[in-house]
Amino acid sequence: MPVYRDEAIVLRVHKLGEADRIVTFLTRGNGRVRAVAKGVRRTTSRFGARLEPFSHVDIQFHVGRNLDTVTQVEALESHGPSLSSDYPRWTSGSAMLETAERMTPVEREPAQQQFLLLVGGLRALVAGEHAPSLVLDAYLLRSLAVAGWSPSFDACAKCGELGPHRAFSITGGGALCAECRLPGSASPGAETLTLLGALLSGDWAAADASDERNRREGSGLVAAFLTWHLERGLRSLPLVERS
Amino acid sequence: MYEGVVQDLIDELGRLPGIGPKGAQRIAFYILQTDLADVRRLAELLLEVKEKVHFCVECGNVAQEERCRVCLDPRRDLTAICVVEEPKDIVAIERTREFKGRYHVLGGAISPIEGVGPDDLRIRELMTRLADGTVTEVIIATDPNLEGEATATYLTRFLAPLGVAVTRLASGLPVGGDLEYADEVTLGRAFEGRRRVDRQAP
């Protein structure tokens with residue numbers, strides 16, 4: 001298979017040599033792919049602008065010995081310009097790209113659900129109908145759910161007893177009843193757990209109506225939950241402007 | 001694997017940016033075959049550049065004194081500052097001979113995914129330079145990529161309330177290129193930044 005074609009989101013770019021870049025993509029059919037894009041740092045490059053982070057592209061690769069080479073790129077959606085002109089949205093989007101990369105640790109292992117989730121998340125971020133921090137937290141929770149680490153915000157994560165419950169444990173998998181409560185569990189506000197549940201299920205009316213204090217508390221819980229499962233924090237998450 | 005010092009040299013050269021194991025080996029053997037005087041000159045220059053060259057206390061450009069050549073030049077326009085990411089961008093702009101003001105080197109661009117935030121750049125130093133009111137225009141000349149654009153957006157938010165004119169370098173079609181080969185992002189930016197030509201002075 002000398003060449004193959006796929007649909008992809010650009011996650012990250014690295015400089016290579018004089019004018020080349022190594023571009024990391026999350027593709028629809030081939031999972032995470034790293035490929036060399038030759039000459040794209042030159043101002044005369046024919047597809048350099050299409051290979052910026054956040055770009056949704058139709059792309060053709062040539063199979064290489066170590067890394068594949070990008071041979072053709074057509075832009076499907078270019079989210080970059082609208083995100084880079086809004087700093088809170090751009091930092092939120094950067095955290096989404098880094099999460100997508102970390103959630104697909106094995107190259108070329110198909111991850112279509114993560115791809116579709118990222119496409120939807122970026123579209124929601126660009127549309128601007130909801131606060132960027134809410135879109136980010138909804139994306140992080142759903143990305144965890146796709147990876148099999150869905151937290152529970154209502155029923156007890158251990159015994160399944162229906163909630164609402166007061167205790168929330170990162171290591172325990174979410175809300176815990178009084179019987180199952182683990183030492184060191186947090187006691188977030190009931191509205192915060194309702195907000196997180198709404199973000200996970202897509203109840204945007206409830207999420208948009210939440211107040212700032214619950215959003216901040218919820219973001220802290222989501223970040224801690226994500227860090228616990230990824231075993232290492234995201235570099236971009238502390239730099240997200242949540243206002 | 002080569003013996004002792006040759007392998008050490010290859011390993012050290014391989015740590016340089018853009019040089020892989022094969023390139024490091026090629027340079028190491030070139031050095032082995034070169035005259036001793038030339039190699040000594042290179043070694044002395046490496047030491048000299050590290051000992052003598054510093055970053056300008058004013059703008060962050062490379063300098064042999066406390067201040068760089070541009071900051072010491074009394075003919076430069078004190079009312080305009082051009083903000084760039086790296087010292088090498090200053091060289092590129094100086095080649096145009098279009099800009100007569102001074103520079104400010106940020107030391108990179110904001111990149112959350114690489115863990116680089118606003119506090120890692122020389123933004124506070126820029127604000128200090130603007131405090132006395134001498135500067136009336138800040139030209140943001142960060143790279144025309146996403147990180148450069150986002151850094152420009154961040155800077156604009158802080159600079160706009162200060163009352164200085166904040167401008168951004170134009171983006172668009174490269175001189176000497178063909179329109180049909182331009183990608184839609186670049187062509188879109190060229191349309192956004194189009195200018196009237198019928199009102200130009202004769």
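Mentor: About 330 Å³ of space lies in the second largest pocket. Please keep in mind that this is a predicted model.

Trainee: Which residues line the second largest pocket?

Mentor: The lining is formed by Leu9(B), Glu12(B), Leu13(B), Leu16(B), Ile27(B), Ile31(B), Val39(B), Leu42(B), Ala43(B) and Leu46(B).

Trainee: Which elements each supply at least two residues of the lining?

Mentor: Those elements are α1 (4-14), α2 (21-33) and α3 (36-52) of chain B. The largest share comes from α3(B), with 4 residues.

Trainee: Let us turn to the contact between the chains. How many residues does the contact take from chain B and from chain A?

Mentor: Chain B gives 23 residues to the contact, and chain A gives 30 residues.

Trainee: What area is buried between chain B and chain A?

Mentor: The buried area is about 2200 Å², and carbon and sulfur atoms give 61% of that area. On the side of chain B, Pro112(B), Ile113(B) and Leu146(B) lose the most area to chain A, together 33% of what that side buries.

Trainee: How many salt bridges are there between chain B and chain A?

Mentor: The count between the two chains is 3 salt bridges. One of the salt bridges joins the side chains of Glu114(B) and Arg12(A), at 3.0 Å from N to O. There are also 6 residue pairs in polar contact between chain B and chain A, with both residues at pLDDT 80 or more.

Trainee: Which elements give two or more residues to the side of chain B that touches chain A?

Mentor: They are α7 (146-159) and α8 (184-192) of chain B. The most comes from α7(B), with 7 residues. The residues of that side of chain B divide into 11 nonpolar, 6 polar and 6 charged.

Trainee: Back to salt bridges: how many does the structure hold over all chains?

Mentor: Over all chains, the structure holds 23 salt bridges. Among them is the pair Arg28(A) and Glu7(A), whose side chains meet at 3.0 Å, N to O.

Trainee: What does that pair tie together?

Mentor: Arg28(A) lies in the loop between β2 (20-27) and β3 (31-37) of chain A, while Glu7(A) is in strand β1 (residues 3-16) of chain A, so the pair ties together parts that are 21 residues apart in sequence.

How values were computed. Residues are numbered from 1 along each chain as its sequence is written. Chains are lettered from A and ligands numbered from 1 in the order in which they are written. This is a predicted model: local features need pLDDT of at least 70, side-chain atom pairs count only at pLDDT 80 or more; totals for chains, interfaces and linings use all residues. Side-chain values use heavy atoms; hydrogens and water are left out. Contact means heavy atoms within 4.5 Å. Buried area is the accessible area (1.4 Å probe) that two parts lose on being put together, summed over both. A salt bridge is a side-chain nitrogen of Lys or Arg within 4 Å of a carboxyl oxygen of Asp or Glu. A polar contact is a pair of N or O atoms within 3.5 Å; within protein, one must be able to donate a hydrogen and the other to accept it, and residues adjacent in sequence count only if both atoms are side-chain atoms. Ala, Val, Leu, Ile, Met, Phe, Trp, Tyr, Cys and Pro count as nonpolar, Asp, Glu, Lys and Arg as charged, and the others, Gly among them, as polar. On a 1 Å grid over the protein atoms alone, a cavity is a set of points where a 1.4 Å probe fits but cannot get out, and a pocket is an open set with protein on both sides within 12 Å along at least five of seven lines; lining residues have an atom within 4 Å of a point. Grid points are joined across faces, edges and corners, and a volume is the space filled by probe spheres set on the points.
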